[in-house]
Each structure stands twice: as structure tokens, then as C-alpha cells.
Number of protein chains: 2
Amino acid sequence: MYLSSRIQNIKPSFIREILKVTAQSDAISFAGGLPNKDLFPLNELNAASSLVFAEHGVDALQYAATEGYPPLKQWISDQYRIREGLEVKPEQIVITNGSQQAFDLIGKVLLNEGDPLAIEQPGYLGAIQAFSFFRPAWQSVRLDEGGMNLDDIRKALKCSTRLFYSVPNFQNPTGLSHPNQNREAVADMLRDQECFFIQDDPYGAIQFSEQRYLSYASLLPNQTILLGSFSKTVVPAFRLGWVVVPEALIDPFLIAKQAIDLHTNSFCQRVLHEYVSGDSFAPHLTNIIDNYRAQKQAMVDAVVEMMPGGVSCSDPEGGMFIWLKLPENISARELLEYCMERKVVFVPGDTFYLGAEDGNELRMNYSCLSAEKIREGVKIMADGINQLASRSR
Amino acid sequence: MYLSSRIQNIKPSFIREILKVTAQSDAISFAGGLPNKDLFPLNELNAASSLVFAEHGVDALQYAATEGYPPLKQWISDQYRIREGLEVKPEQIVITNGSQQAFDLIGKVLLNEGDPLAIEQPGYLGAIQAFSFFRPAWQSVRLDEGGMNLDDIRKALKCSTRLFYSVPNFQNPTGLSHPNQNREAVADMLRDQECFFIQDDPYGAIQFSEQRYLSYASLLPNQTILLGSFSKTVVPAFRLGWVVVPEALIDPFLIAKQAIDLHTNSFCQRVLHEYVSGDSFAPHLTNIIDNYRAQKQAMVDAVVEMMPGGVSCSDPEGGMFIWLKLPENISARELLEYCMERKVVFVPGDTFYLGAEDGNELRMNYSCLSAEKIREGVKIMADGINQLASRSR
């Protein structure tokens, strides 16, 4: 059968396959990346929805502007000013169908086949999938507690890299954040190069600490593309995210968005705006932060307490994931096999690397589990690590 | 500035530009293509929305399946059986962000740069825009009252055309429908060729007559891709459409959809399903059909009564548009200039042709105007035609 070349190299997500296995069982899943649905503001969204029907009437149901609902764009712009001291004009914001759609827009507007695209490694799988359709020449930039590897960036820039993709805050999959010093060094290297820095920030508002992180948009104002999402802070079902682009890119992004789907669901944009601009959003945000912080702490504590020496993990300041490093000689895929038999799942770390097939790292999600379940699952993982370690001795 | 090659050739829609001009004025616009918002089922959707919040709870707000909400897919499948006698498995259906998104999915999965893509001429502008991003080699197939031109199809097939795009029922822009005999002849030519027929059908349910049209999905079951939309029958703001693909294409389409935006707004899929599967949808559909039929008739009657000899128009059996042919020596763009000064707008026909710049055809929309306003606008157009005709004599 005749298919485009671009589709033929792309495989369905391994994560999706794991989730299928665990969806119907009583498994303890550290594999997912879903926000905790028990924390969704159900009643508040119901009220906001009724209000939109009552006060906006049929105008809320007609075709709408490609760029998004103006009051929502204004609200997002205000948040950047209030929370980060950033000046973002509402015109620079395009509302998207989840921030996932922003990858597709960026690819459509900025990527030719074979163009170099740099991504931190390990990196977000959804971005790798979406950008892969445009068949870029991937450049990999190692990420660790110190941030992005500057030598790797230097190398990528020598190859005329056009785009850098990164999740500087509470990254998926690692939970790491780039230190400010690293951000400044990276920005110095990129400044005035023909290169855009894509700062994906789905977890930015879910921060456990008081640390102030520099936004790339303040370091590289004309070169940064900012992504944002309401999926983690409000609900995923509405598929509402946004992309902030430098002014020179506004028109190309609108043309691309119009071709892709005319505009994003405008009824839900109004409902969301009613909700986030009201009084109950701030306490809601505090509530999910408090919950996720406690879940993260339960997971880190359990790992420290129960796992053998040679295992280390990240201790994120926000977001929904921790990153585990097993002793060098232990395979994450083998551990997964052991754990799946005992109904515990996680995501092997190689999934988040370009071209890797196994390794000793893995991702664990804590957002949907009680402290008890977290301890129960970590215990089984610890047993598995001990067993694999004794076998390999 | 560095942009992808694909974006550099694409211009914003001329229609969009016209609509901007007329949005704030008291113009009589035949230029739009919006459904009539006064006919939206506001109270029913409000009730359906409340029901979803009350009965589905937080499950309606979480991440959901890439392919769409299963009961909605089942309902669409049932409708094909009931209305057209077509067997479409729910698995073949992917819910999209409006049927516009289906163009992007088709392009992602089936088009390499330079692949021949045939489209009826005049043809739907949104499809031309969306497919243009994949830089196909366009093949044009003339369309008239007899349907698609068979010689042009023969020529397109000789160039190994992979995809045919068409709106066989109540087409946008012309309002024409392909006669069944033409459909059978086209299908005979395409059968067993490595070529998909894309039957876009946004207006299929808005039919004024009793005529039964053959679906390409029954003529070419393994080669037809069917598009559908709720934007014209329910509301556009929800951005809900769908694509039906042959079984061999299901996986590639799901992989592409996952990369584009993970899934379509699932809350609104549930609300829509509550509504369309209830008792009030059938009378609603009858109501919009009756209204649009009356508006269409008012427009055709006004044209026949007021316009000079040499002007002809289509008399659609459904949809929202008529197609006007002016005498050969009259320019639609010049007529538009005359009319815009008098606050009447329509869309010059060249907009719907690949590469054309002017001509004597134009598109008129009737769905949002009263019979009085229709007559008032047609009168001004008739005056303009007479004036241009006297000038060119």
C-alpha cells in the first residue's frame, strides 16, 4: 500500500502500549502521565459552562477566530506578566488543541526535511513523535542535574541547528529543571544565531518550591517560542494549550493553524476563561500543588528507604515525574518484565532517547496514586532490583 | 527569516479577508459560509452539557482515546447504515477537530511532496489550503452539471494520481451534485488503481430533495475516504468532524492523529453524543433543512427575476451555496468592487480555482439571511451587472 514516507518510520508509542496492558487491571501504574482526575474542578467547570450558555448564547457556538478567544489570550498574557514578569502581547498567542498541536504548527512553519533539530536527552516523547513527521536531522543534547550539556549545544550549532526543543522546568521524563546559570550560558550561545529555542512548559505552574527560574523568553526574547497547556492545571479533555511566538512568526502560525483545523474549540475556550479568571482557580492550583508535592515526597522517601545502594533518583521541584537510575548492570526492561508479572509498571528510560533500546534508567509518575500504593509499588520494584542484582553477581 | 519552504507559498484566504471587511458593517454578506446561528440548538446542548457533568463526572474531563469517544463513533456508524445503507465499522472512524483536520491527517499519511492530487474545479478552498502544505502536484478536474469531467480524470490517472478530492453532494462552492451516472463512471475508472477517492460531505445531511445519491464508499469500498462534520448540522464551535478510512489505513491515521494533538476534545464529544442520540436532533435537522431550502429558493427566485439575460445560477438540492455565471465579458472582481461600495459582498469564483485570477463566476451563500435581505442584495448585484454590461458594450 502506498503511504507517505514520513508515516512509514513512525511507530506507535511504547507508553501507549504499556497503558493498554494496565488499563483494565488492578495494577499499580507508575507508567502514566495523567493528572489526578480526583482533583479536577468538576463543579466549577459545570458552573462556568452553564454561564457560557446563559450569557454568551449562540455566539459561543459559531465559527470563531483562528488565533483563539481574545479574553483567554489576554488572561494568558496577564499571567506571564504577573507570574514571570514577562511581557507577552496577546497577538503573539495562538490557542492550540493542547500544546501537542503546537509541535505540529512549529514543524509546519519552521522545519524542512533534513533540518537539524536539537532536543535534550532524555526528552519528551510526544515532541519526538510530532516532530518526527517532519523528518528533521535530530541533534541530541545531554541533560543532567547541571542542565543542558554546553559541548553538545556547541556541536549542534555547528550543524546549523534551526530549533532547540526543551522542557526547562520540571521536565518530562526526568523531573529535572535547568539551573539558571545553565540557562544563561545556553542563551549566550544561541543569541543572534538563526535558531529558535522552544520552551515547552506544561508543568510550569505546578511548582513545589519557591525558586525563581529564568524564562528563555526573557533571555532570548526574539528567538523563543513558548508553549503552555491547561491540561495539567485544569483538565486535559478540553485540549486547550497555547503557543507564544515572536512577532515575525505570528502570520505564518495563523496561516498554518487555519489550514490545520480553522480554529480550536471556542465553546470550551469560553468555559475555561470563565473558570480561570474567577476566584476558585487560585485555590484549586494550590490544592493540586499540595497534593502532587506530597505524592512526590512519598515516592522519593520510599525509593530512598527501600531501594538498594546504587539506585538514585531525581527530587523534582514540580511536575509529575521522578527519574530513577539503577546500578549500571541492571536492565530497566528486565526490571519491567519482573514488575509487570507483579502488576507494577513504569516506563523504561530508553523510550525517551533517540535510538536507544535499553538502559538502566526509568521514569516513574506519582500524580494518580496514594502514598500507600506508591510504597507498595516501590517495594516490588526494590525486590526486583535486588533479585536482578543478585543474579548478575 | 528562516521559514519552511511549505509555508512560504501559502497566502491567507481571500475569503477571510473579505469577511474581515464586512464583519463590523451593516453589509449584506453573501460571502460567508457560516451556518445560521439562530438555528443552533442552544438549550438542547446546554441540557446535554449539564447531563455530561452530572452523569459522566470527572471521567469526561481526563485524557481520552485518540480515535474518539466510542459511543459517538457507534452513532456515526449507525447513521451510515440507516441513511445510506453503508456498512462502516466504528473502528474505521477517527473523530477529528472539524473535518478540516482530516485534510491534514490525509496529507500526513498519504502525500509525499510532488505526489499528484486531483481536485474538482472549482473546488473547496479549505481543502486546497490544507493540502497545499504537503506541496502536491495538483491535477484539475473540471466540474459541471454533468459531474466530474471524465477526460480530465483519465489524464490525472495517467499521471499516477494517488488521491482524488471531491465534494459530490451539494458542493462548496457550486452547490452542484454529481449525477449517479457520473459517479459510476468515475468509480469504474478508479477501481483497483492505487488511488484513494476522498469524499468530503459536510452538507450531506442538509438535503432539500428526495434524490438518493450513490456514495463513493459503496462504489469503491476499499479506496474511499469519507469525511463528515457536525459543524453544519449542530454547531461549528465544538470543532467536531470525522474521517472514515479503509481498514488498512486505520493504524497510520491513529499514529498521525496522536502526533498532531493526542485526541480531539472529548468532553464536547460526549455532549454532542448526548444531543444527537436524543429525540430532539431529528426535528432540529428538519428545521434547518426547511429554513435553508426556503432561503435557497428566495435567492434563486430573486436571481431569475431580477438579473439580466446571460446570467445563470445553480439550483442546489442541499447545502448553503449557489453558483452564479455572469455573461462572459463581465468580471466578477469588478462586480465585487461595485457591490462592496454598496455594502454587498460575495466571493469571486476564481478563488476556488487553482491559479486563476478573475473570471465571470461567483459564489453566493444564503444560510444566514432573510428573504428580504437576499432580495435587497441580489437587486444591487443585478444593478451592478447591468451597469458593467452597458459599459462594456
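Let's start with Pro41(B), which sits in the loop between strand S1 (28–29) and helix H3 of chain B; helices here are DSSP runs of H or I with at least four residues, strands are runs of E with at least two, and both are numbered from the N terminus. This is a predicted model, so local features need pLDDT of at least 70 and side-chain atom pairs count only at pLDDT 80 or more, while totals for chains, interfaces and linings use all residues. Residues are numbered from 1 along each chain as its sequence is written, chains are lettered from A and ligands numbered from 1 in the order in which they are written, and side-chain values use heavy atoms, with hydrogens and water left out.

Is Pro41(B) buried or exposed? Pro41(B) counts as buried because its relative accessibility is 4%, where buried is under 20%, exposed is over 50% and partly exposed is in between, with a 1.4 Å probe and protein chains only. Leaving aside neighbours within four places in sequence, Pro41(B) is in contact with Val234(B), Val235(B), Tyr275(B) and His284(B); contact means heavy atoms within 4.5 Å.

Over in chain A, have a look at Ser314(A), in the loop between strand S10 (312–313) and strand S11 (321–325). Ser314(A) is buried too, with a relative accessible area of 7%. Which backbone oxygen does the side chain of Ser314(A) reach? That of Thr174(A), at 2.7 Å. Not counting residues up to four places away in sequence, Ser314(A) touches Thr174(A), Leu176(A), Val300(A), Ile322(A) and Trp323(A).

Now, the rings. There are 32 aromatic pairs over all chains, and the rule takes rings of Phe, Tyr and Trp (its six-membered ring) with centres within 6.5 Å, calling planes under 30 degrees apart stacked, over 60 edge-to-face and the rest tilted. One of them joins Phe103(B) and Phe131(B), tilted at 5.4 Å centre to centre with 55° between the planes. That pair links distant parts of the chain, from Phe103(B) in helix H5 (residues 98–110) to Phe131(B) in helix H6 (residues 125–132), 28 residues apart. Phe103(B) is buried at 1% relative accessible area, and Phe131(B) is buried at 0%.

Phe131(B) also pairs with Tyr165(B), this time edge-to-face, at 6.0 Å centre to centre and 65° between the planes.

In chain A, one aromatic cluster is formed by Trp75(A), Tyr80(A), Phe230(A), Trp242(A), Tyr275(A) and Phe281(A).

Finally, the interface. How many residues of chain B are in contact with chain A? The count is 72, touching 72 residues of chain A. About 6,600 Å² is buried between the two chains, with carbon and sulfur atoms giving 59%; that is the accessible area (1.4 Å probe) that two parts lose on being put together, summed over both.

There are four salt bridges between chain B and chain A, each a side-chain nitrogen of Lys or Arg within 4 Å of a carboxyl oxygen of Asp or Glu. Among them, Lys108(B) and Asp104(A) have their closest N and O atoms 2.4 Å apart. And in chain A, the charged end of Lys108(A) sits over the ring of Phe133(B), 5.8 Å from its centre; the rule asks for NZ of Lys or CZ of Arg within 6 Å of the ring centre and within 35 degrees of the ring normal.

Methods. Polar contact = N/O pair within 3.5 Å; in protein donor to acceptor, adjacent residues only side chain to side chain.
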